[in-house]
Amino acid sequence: MKKIQISPSILSADFSQLGNEIKRLEDAGADMIHVDVMDGHFVPNLTIGPPVIKALRKHTKLVFDVHLMISPVHKYIKDFAEAGADIITIHPEATKNLKESIEQIKIFKKKVGVSLNPDTEISTIEEDLENVDLILVMSVFPGFGGQKFIHKVIEKIKLLKKIKEEKNYNYDIEVDGGINFDNSKEVINAGANILVSGTTIFKENNGNIKKNIETLKEV
Ligand code: DX5
Ligand code: ZN
């Protein structure tokens, strides 16, 4: 089994202190930083864009795992790449041509992620699986932190793991939304190797993020 990595979502951090929050996550053992970008159109919420990512870039060497919930996403890929994203994850519904957008991310030498909403089937991206570095399985409908984990996605994680093994593909399996201490083990055992977490990391155990990261990694 691949080493389990935790990608804390800064959506639940103190936005007035983002630089310090990222430093605090790095010191606490975070493996990467999950940045949720929302446009108020593809999802019903607005967050941050490339200038903020650029400003944060100097605060850490950790991988920036940038989850784009914006549509149309294609024309913005360059801006996020240049701002300092390391992994750029897009939703197939947010682009006219998924293959072109995947290629666009590769032009900038960034890792490519594709995200599946809870009701988006693997079959919609079947022919792209061999060309991506990461599949982001949404276990909530994107838009907000603090939602309840949708249990049926466990089957999707298992299937992605099975396809990966059968076809010898390379993608990481990352799961995003409603991850907590009660479901993390099941998510890992189903085949995920990266867990995103906002609420659990920042709020559990009185905000002891080191302990929360360690606990989420337990199998
Ligand atoms: C939802 C975001 C997630 C989410 C994670 O649209 O993509 O990253 O905020 O937060 P929790 O862990 O609170 O569900
Ligand atoms: Zn996310």
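Strands here are DSSP runs of E, at least two residues long, numbered from the N terminus. Leucine 134 sits in one of them, strand E6 (residues 134–138). Keep in mind that this is a predicted model. Its protein chain has eight helices and eight strands, and a zinc ion (ligand 2) is held by His34, Asp36, His67 and Asp176.

**Overall shape**

- The radius of gyration of the protein chain comes out at 16 Å, close to the 17 Å that the globule rule gives for 219 residues, so the chain is as compact as a globular protein of that length.
- Along the principal axes, the C-alpha atoms fill a box of roughly 45 × 35 × 30 Å.
- Burial covers 54% of the 219 residues.
- If you take the contacts between residues at least 6 apart in sequence, 63% of them join residues at least 24 apart.

**The zinc site**

- The zinc ion (ligand 2) is coordinated through NE2 of His34, ND1 of His67 and the OD atoms of Asp36 and Asp176, at 2.0 to 2.3 Å.
- Six donor atoms surround the zinc ion, and the angles they subtend run from 68 to 167 degrees, which makes the arrangement octahedral. That label applies because opposite donors have to be over 155 degrees apart, with all other angles between 65 and 115.
- For reference, the ideal angles for six octahedral donors are 90 or 180 degrees.
- Written as a sequence pattern, the donor residues are spaced H-x1-D-x30-H-x108-D.
- Histidine 34 belongs to strand E2 (residues 32–38) and histidine 67 to strand E3 (residues 63–69), so the two histidines tie together parts that are 33 residues apart in sequence.

**Around leucine 134**

- Leucine 134 counts as buried because its relative accessibility is 2%.
- Leaving aside residues up to four places away in sequence, leucine 134 touches Ile87, Thr89, Val112, Gly113, Val114, Tyr171, Asp172, Glu174 and Ile194.
- Phenylalanine 64 is 70 residues from leucine 134 along the chain, and their C-alpha atoms are separated by 14 Å.

**Rings and a charge**

- There is one aromatic pair in the structure. Tyrosine 169 and tyrosine 171 make it up, in a tilted arrangement with 6.2 Å centre to centre and 50 degrees between the planes.
- Tyrosine 171 has 0% relative accessibility and therefore counts as buried; tyrosine 169, at 17%, counts as buried too.
- Tyrosine 171 also turns up among the residues that leucine 134 touches.
- Elsewhere, arginine 57 places its charged end over the ring of phenylalanine 64, 3.9 Å from the ring centre.

**Backbone spots to check**

- Serine 71 and proline 72 are joined by a cis peptide bond, with omega at about -5 degrees. Proline 72 falls in the loop between E3 and helix H3 (77–83).
- Lysine 109 is not a glycine, yet its phi is positive, at about 60 degrees. You'll find lysine 109 in the loop between helix H4 (98–107) and strand E5 (111–116), and at 75% relative accessibility it counts as exposed.
- Asparagine 206 likewise has a positive phi, near 50 degrees. The loop between helix H7 (199–203) and helix H8 (209–217) is where asparagine 206 lies, and its relative accessibility of 83% makes it count as exposed.

How values were computed. Residues are numbered from 1 along each chain as its sequence is written. Chains are lettered from A and ligands numbered from 1 in the order in which they are written. This is a predicted model: local features need pLDDT of at least 70, side-chain atom pairs count only at pLDDT 80 or more; totals for chains, interfaces and linings use all residues. Side-chain values use heavy atoms; hydrogens and water are left out. Donors are N, O and S atoms within 2.8 Å of the metal (3.2 Å for Na, K and Ca); water is not among the atoms, so sites may look incomplete. Four donors count as tetrahedral if all angles lie between 85 and 135 degrees; four count as square planar and six as octahedral if opposite donors are over 155 degrees apart and all others between 65 and 115; anything else is irregular. Helices (H or I, at least four residues) and strands (E, at least two) are DSSP runs, numbered from the N terminus. Rings of Phe, Tyr and Trp (its six-membered ring) pair if their centres lie within 6.5 Å; planes under 30 degrees apart count as stacked, over 60 as edge-to-face and the rest as tilted. Buried means under 20% relative accessible area, exposed over 50%, partly exposed in between (1.4 Å probe, protein chains only). A charge sits over a ring if NZ of Lys or CZ of Arg is within 6 Å of the ring centre and within 35 degrees of the ring normal. The radius of gyration is taken over C-alpha atoms; the globule rule is 2.2 Å times the number of residues to the power 0.38. Contact means heavy atoms within 4.5 Å.
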